[in-house]
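Let's take a friendly walk through a protein model, helix by helix. Have the sequence and the 3D view ready, and follow along as we go.

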Amino acid sequence: MEKLEQSGLSKEELITVFKQVLMGRRLDERLWQLTRIGKSSFNISGQGAELAQVAMAMAFETDKDYFLPYYRDMTACLVWGMTPKDIIMASFGKDADPNSHGRQMPNHYGSKEHRIVSHSSTVSTQMPLATGVAYAAQLENADYIALTTTGEGSANQGEVQEAMNFAGVKKLPVVFVIENNGYAISVGTREQYANEDFSHRGPAYGFPGYTVDGNDFVAAYKACKEAADRARSGEGPTLIELVVARLTSHSADDDQSIYRSEEELTELKEKDPLAAFTKQMIDQGYLTEEEIEEIEEKIKQEINEATDAAEAEADPSADSLYDQVWA
Ligand SMILES: Cc1ncc(C[n+]2csc(CCOP(=O)(O)OP(=O)(O)O)c2C)c(N)n1
Ligand SMILES: [Mg+2]
């Protein structure tokens with residue numbers, strides 16, 4: 001694993017990365033708590049993918065590029081400009097929730113302000129939409145590009161092949177990221193596809209594909225940056241497979257101990273990017289343990305305030321039932 005300074009980012013930027021990773025983890029823990037005390041109906045979690053998501057999102061120009069995420073991308077959405085309150089309002093189904101004004105399930109991110117395109121519960125339908133956004137950018141000669149993500153299981157849907165094929169044919173400015181966490185609910189990768197690496201599919205559609213360790217910040221950031229640069233300079237799409245861990249059950253409605261062995265669950269702890277990245281930050285002289293404690297405290301306070309503020313928002317009124325929906 002390369003040293004963090006090889007990322008080309010400043011000390012200040014790397015500390016921001018750390019704060020975003022930690023916020024992603026602690027906010028997700030809050031969302032689980034809210035389901036457990038009956039204040040929220042559902043949570044599906046990106047725990048284990050936070051570092052990869054920050055590396056990915058940072059490689060883009062989040063003030064002009066489009067993001068078409070999937071349900072585990074909360075941390076990436078925060079980097080893209082959403083706030084903890086925005087996220088928590090979706091869990092509560094509040095009227096002011098920018099994701100869907102309380103119409104969607106939690107974890108279905110969307111923000112018109114931040115060019116985060118709302119997605120369907122039908123997995124991977126964001127992929128052809130991202131190809132469409134990139135096609136619009138090309139037709140308009142605009143300089144924004146599109147990033148879209150999905151899981152490795154969902155990436156076997158037919159429309160993902162259509163999305164990648166058309167993007168390859170037209171050399172569209174889109175980056176396809178597969179967050180490979182080894183499972184589609186309870187189904188392991190060996191039952192999902194026959195190739196060793198998912199990234200083989202890039203060359204199959206005429207563009208590069210890379211498999212990258214999502215816990216290696218420098219590798220993940222560099223791969224995503226190169227892909228974003230390629231897209232922006234008109235060289236076309238890239239497929240990036242970020243190998244990440246799924247530290248939690250599939251969702252708040254699942255119990256992974258039924259299909260993952262005790263041994264596997266114990267080993268999983270070693271794949272925790274937060275623990276490993278914290279150690280790197282300390283060992284490589286970016287933060288002291290004391291400073292980390294201060295950051296923890298600030299984040300805790302911020303999440304508590306965001307939770308209270310979100311809870312105080314109004315619920316959608318019954319007479320607004322037909323607002324904010326397509327038809
Ligand atoms: C078309 C479709 N089929 C099935 C589902 C149910 N479903 C939701 S998430 C999921 C597993 C997806 O696994 P993967 O793509 O690996 O993403 P992960 O959840 O592991 O991040 C399934 C089968 C769905 N939402 N849409
Ligand atoms: Mg998966």
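**How the helices pack**

Helix 1 and helix 11 are oblique to each other, because angles under 35 degrees count as roughly parallel, over 145 as roughly antiparallel, 65 to 115 as roughly perpendicular and the rest as oblique. Their packing angle is about 45°, and their axes lie 10 Å apart. Such axes are lines fitted to C-alpha atoms, for helices over the stretch in contact, with angles from 0 to 180 degrees between N-to-C directions. Helices themselves are DSSP runs of H or I with at least four residues, strands are runs of E with at least two, and both are numbered from the N terminus.

This is a predicted model, in which local features need pLDDT of at least 70 and side-chain atom pairs count only at pLDDT 80 or more, while totals for chains, interfaces and linings use all residues. Residues are numbered from 1 along each chain as its sequence is written, chains are lettered from A and ligands numbered from 1 in the order in which they are written, and side-chain values use heavy atoms, leaving out hydrogens and water.

Which residues of helix 1 meet helix 11? Among them are F18, L22 and R26, and their partners in helix 11 include I292, I295 and I299. Here, contact means heavy atoms within 4.5 Å.

Helix 1 also has helix 2 as a partner: these two pack at an angle of about 130°, with their axes 9 Å apart. That makes helix 1 oblique to helix 2. On the helix 1 side, V17, Q20, V21, G24 and R25 take part, meeting E50, L51, V54 and M58 in helix 2.

Now turn to helix 8. Several of its residues are buried, including F217, Y221 and C224; buried means under 20% relative accessible area, exposed over 50% and partly exposed in between, using a 1.4 Å probe and protein chains only. The buried residues of helix 8 pack against helix 1, helix 2 and helix 10, and also against strands 3, 6 and 7. Just after helix 8, G234 takes a positive phi of about 85°.

Finally, look at H101, in the loop between helix 4 and helix 5. Although H101 is not a glycine, it has a positive phi of about 55°. Is H101 buried or partly exposed? Its relative accessibility is 24%, so H101 counts as partly exposed.
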